[in-house]
Amino acid sequence: MAVIITLQGVVPADIAVGLSPLAELMACLHSVAEPEHHLDVRPWLEHVSTALSEETRSLLAVYAPLWNRRRCRALLPLELPLGRTLEQELARLEALPLDEFVTVVAPGVHGGFFDTGDLLTDESVQGAYVLSCERRSFSRGELARRLVETPEQVRAGLLDLLRRCAAEFFDAEWARVRHRLESECARVRARIQALPLPEALASLSPNATVGRNPPAVVFDKLQSLRADPRGRRCLLVPSVHARPHLIVKDDASYPVVVHFPVEGAGLAERATLAQVRLRLAILAEPARLELCRHLVNEPITTSDLAARTGMTAPQVSRHLGRLREVGLLTSRRDGRLVYHRLDTDCLMRLGVDVLTSIIR
């Protein structure tokens, strides 16, 4: 499965890159709701968790479906310009016609796939929608019922919650990450001007590939989607807290949005899905895994490894070569001897890389 953005007939002017504090707030709330997905920011999550008021914590549980698995389209930019303040984005959400608010929020509340086309006018569709949400979870069912019965109250409660979060933790966090996001916007704009569009958009994710016929960018995701931004624009919005998720939203009435993660300063570059698979396959070979048990303890030569394991020196060399190819082995020369050792930092990151590849 994959998310494909077709780029036939799309020119750089059709691509807008910019900031959205509301989108970043949604990413923060997702990481608060799903901390096991976001190991890199555990200290920040612990700090936020202790700082939240009890009332805010309770409201977050009520509205959690909007930023859980299927991010709510209403909390991503609905139109240009990008770069508005959080309050301006909230005012835009508050000014949406009520029927448009329900239409854009309903899929996020459900979190799966339900045809909401007649939700505003057909009571039987409303009942089926609420029932389908209840089957997914009690909290989704309750929020769905409130959305179809009292949408004004749902919107007012959501806006109040988002403003509470801004005051309690997000304003300070936005001030901290905004410069990094602005720098990423500048880099992406430069790539869009310098590279073919498929390559420029593929640079947003280590697991993206370029399609040639027609021109496209293909993101490896656990969903099937083909988006065509012609005539609607494509908005690229960077995020610190979305990592490792990349979100693509394609709703006919709005621009295509790509909410993509920015690697944090000082973090090692994430392995691609292909690299993770190869590393796991290489470590799964019993003889190679036996070598790793020696390589992890001390620097050791090929001849010593052969003597310890009963392999021939050429066999050991071939196994070491495979470990080196995937970045799991470091070697240093000391005179005529070469000492090898397992790269324990890379090995420790492998667990995180496996999790990241699964949930990306």
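Of the 360 residues of the chain, 48% count as buried, where buried means under 20% relative accessible area, exposed means over 50% and partly exposed lies in between, for a 1.4 Å probe and protein chains only. This is a predicted model, in which local features need pLDDT of at least 70 and side-chain atom pairs count only at pLDDT 80 or more, while totals for chains, interfaces and linings use all residues. Residues are numbered from 1 along each chain as its sequence is written, and side-chain values use heavy atoms, with hydrogens and water left out.

**Overall build**
- The C-alpha trace of the chain spans about 80 × 50 × 40 Å along its principal axes.
- Among the contacts in the chain with a separation of 6 or more, 67% are between residues 24 or more positions apart, a contact being heavy atoms within 4.5 Å.

**Helices α1 and α2**
- The axes of helix α1 (residues 21-33) and helix α2 (residues 42-51) come within 10 Å and cross at roughly 90 degrees; axes are lines fitted to C-alpha atoms, for helices over the stretch in contact, and angles run from 0 to 180 degrees between N-to-C directions.
- The two helices α1 and α2 are therefore roughly perpendicular to each other, a label for angles of 65 to 115 degrees, whereas under 35 counts as roughly parallel, over 145 as roughly antiparallel and the rest as oblique.
- On the α1 side, Cys28, Ser31 and Val32 meet Trp44, Leu45 and Val48 of α2.
- By class, this contact of α1 with α2 has five nonpolar residues, one polar residue and no charged residues, with Ala, Val, Leu, Ile, Met, Phe, Trp, Tyr, Cys and Pro counted as nonpolar, Asp, Glu, Lys and Arg as charged, and the others, Gly among them, as polar.

- Within helix α12 (residues 302-309), Thr302, Leu305 and Ala306 are buried.
- These residues cover an arc of only 100 degrees around the axis, which puts them on the same side of α12; the arc is that of the directions from the helix axis to the C-beta atoms.
- The cover over the buried residues of α12 includes α11 (286-295), α13 (313-325) and β10 (337-342).

**Cysteines**
- The structure holds zero disulfides, a disulfide being a pair of cysteine sulfur atoms within 2.5 Å.
- For Cys234, the closest cysteine sulfur is that of Cys185, at 13 Å, too far for a bond, and Cys234 is buried with a relative accessible area of 0%.
- For Cys292, the closest cysteine sulfur is that of Cys346, at 11 Å, again too far for a bond, and Cys292 is buried with a relative accessible area of 6%.

**Backbone features in loops**
- Leu80 and Pro81 are joined by a cis peptide bond with omega of about 5 degrees, and Pro81 has its place in the loop between α3 (54-63) and α4 (86-95).
- Asn213 and Pro214 are also joined by a cis peptide bond, with omega of about 0 degrees, and Pro214 is found in the loop between β3 (208-212) and β4 (215-219).
- Arg233, a residue other than glycine, has a positive phi near 75 degrees; Arg233 lies in the loop between β5 (225-227) and β6 (234-239) and is partly exposed, with a relative accessible area of 30%.

Methods
Helix = DSSP H or I, 4+ residues; strand = E, 2+ residues; numbered from the N terminus.
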